[in-house]
Amino acid sequence: MASPRVMHAVQYDHYGGGASALKHVEVSVPSPKKDEILLKLEASSLNPIDWKIQEGVIRPFLPPKFPFVPVSDVAGEVVEVGPGVQNFKVGDKVVSMLNTFRGGGLAEYAVAMSRLTVKRSPEIPAEEGACLNIAALTALQALTQAAGVKLDQSGPSTNLLITAASGGVGHYAVQLAKLGNAHVTATCGSRNLDLVKRLGADEVLDYKTPEGAALKSPSGKKYDAVIHCATGIPWSTFEPNLSEKGKVIDITPGATALMTSVIKKLTFSKKSLVPLLLFPKAENLQLLVNLTKEGKLKTIIDSKFPLSKAEEAWAKIMDGHATGKIIVTSE
């Protein structure tokens, strides 16, 4: 299947501006280089980092230049294979995490690195596959590497707290934690209490109640680890709820969290704050695809928007109250 020479894409050409700064344009279809593949995109999923890059939180590194087509989490079909690619062929349905520096997910076609692409089986819709990159990989890495949870239940019993458990990372973290030997306390808004219970949480707190704001486990358990997916909660709220060697794994660490992390190390504190930096690996993405295929991992989709209405999806992710994931689909 030959790709056209031009395609519809959504980009921005300066920092800031939010959804109103997104522009619909016609651009050239990119060509895959060595170890790359060209995908006809079926779905892309948005993450908070996408709009934060637009706001300039990682300037001057991201975006590397303007104009910039954002979003890195995609699913689609291989339509062209670059030199050196052995494990993909035209027609393969895949899930891929695009190069963050290149972006490209809000478009009809995108170039993906073969090393961060995995095949997806027909049972997995593109909309679900596109969600498994940043959000589910972050949840997996936080649980298995930082918190030491073993998904085959071979590890010791772990008491976990997951904040913002109905969000993109949080809803995956609850499900993955319950595959391991973990007792899960979760926080979310009142409208999502039942959803988070259905995902497997043992205890659920409404974060707007006094108990929820204090993060206290209803059963009085101290947390061995916190998968912290929310923002704006100080260390002083976490500390009395942690076990002797408890750790807070912060998936979006700001300056205050980084400072707290350093102070805890310098003072030889048994309790620690661990900033999480995602290191995506194809084998981990393959594990998530397999778990989805087996019905052990479900994706909650908040809403879907066609590419022609990508700015509406952008506004929704910036609002910060989505339940699960926000999807942009091909027309």
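How close do the axes of helix 3 and helix 9 come, and at what angle do they cross?

## Two helices that cross

The axes of helix 3 and helix 9 come within 10 Å and cross at roughly 105°. An axis here is a line fitted to C-alpha atoms, for helices over the stretch in contact, and angles run from 0 to 180 degrees between N-to-C directions. Helices (H or I, at least four residues) and strands (E, at least two) are DSSP runs, numbered from the N terminus.

Helix 3 and helix 9 are therefore roughly perpendicular to each other (angles under 35 degrees count as roughly parallel, over 145 as roughly antiparallel, 65 to 115 as roughly perpendicular and the rest as oblique). Helix 3 brings A136, L137, L140 and Q145 to the contact, and helix 9 brings N284, L285, L287 and L288; contact means heavy atoms within 4.5 Å. Sorted by class, that contact has six nonpolar, two polar and no charged residues. Ala, Val, Leu, Ile, Met, Phe, Trp, Tyr, Cys and Pro count as nonpolar, Asp, Glu, Lys and Arg as charged, and the others, Gly among them, as polar.

## What you're looking at

This is a predicted model, where local features need pLDDT of at least 70 and side-chain atom pairs count only at pLDDT 80 or more, while totals for chains, interfaces and linings use all residues. Residues are numbered from 1 along each chain as its sequence is written, and side-chain values use heavy atoms, with hydrogens and water left out.

## The nonpolar cores

In the largest nonpolar core, which has 52 residues, I162, L176 and I227 touch the most other members. A nonpolar core is a set of buried Ala, Val, Leu, Ile, Met, Phe, Trp, Tyr and Cys residues joined through side-chain atoms within 4.5 Å. Buried means under 20% relative accessible area, exposed over 50%, partly exposed in between (1.4 Å probe, protein chains only). Elements that give two or more residues to this core include strand 8 (158–162), helix 4 (168–179) and helix 9 (282–293). Its largest share, nine residues, comes from helix 3.

Zoom in on L176: leaving out residues up to four places away in sequence, L176 touches A136, A139, L140, L143, L151, L288, L291 and L297. Apart from this core lies another, of 29 residues, among them A19, V25, Y109 and V111.

## Rings in a cluster

Now for the aromatics: there are four aromatic pairs. Rings of Phe, Tyr and Trp (its six-membered ring) pair if their centres lie within 6.5 Å; planes under 30 degrees apart count as stacked, over 60 as edge-to-face and the rest as tilted. Y15 and F66 pair edge-to-face, at 5.0 Å centre to centre with 85° between the planes. Y15 sits in the loop between strand 1 (6–11) and strand 2 (23–28), and F66 in the loop between helix 1 and strand 4 (73–81), so the pair ties together parts that are 51 residues apart in sequence.

Both rings belong to a cluster in which ring pairs link Y12, Y15, F66, F68 and W314. Y15 is partly exposed at 23% relative accessible area, and F66 is partly exposed at 32%.

Phi of V71 is near 85°, a positive value in a residue other than glycine. V71 counts as buried, at 3% relative accessibility.

A164, in the loop between strand 8 and helix 4, has a positive phi near 50°. A164 is partly exposed, with a relative accessible area of 27%.
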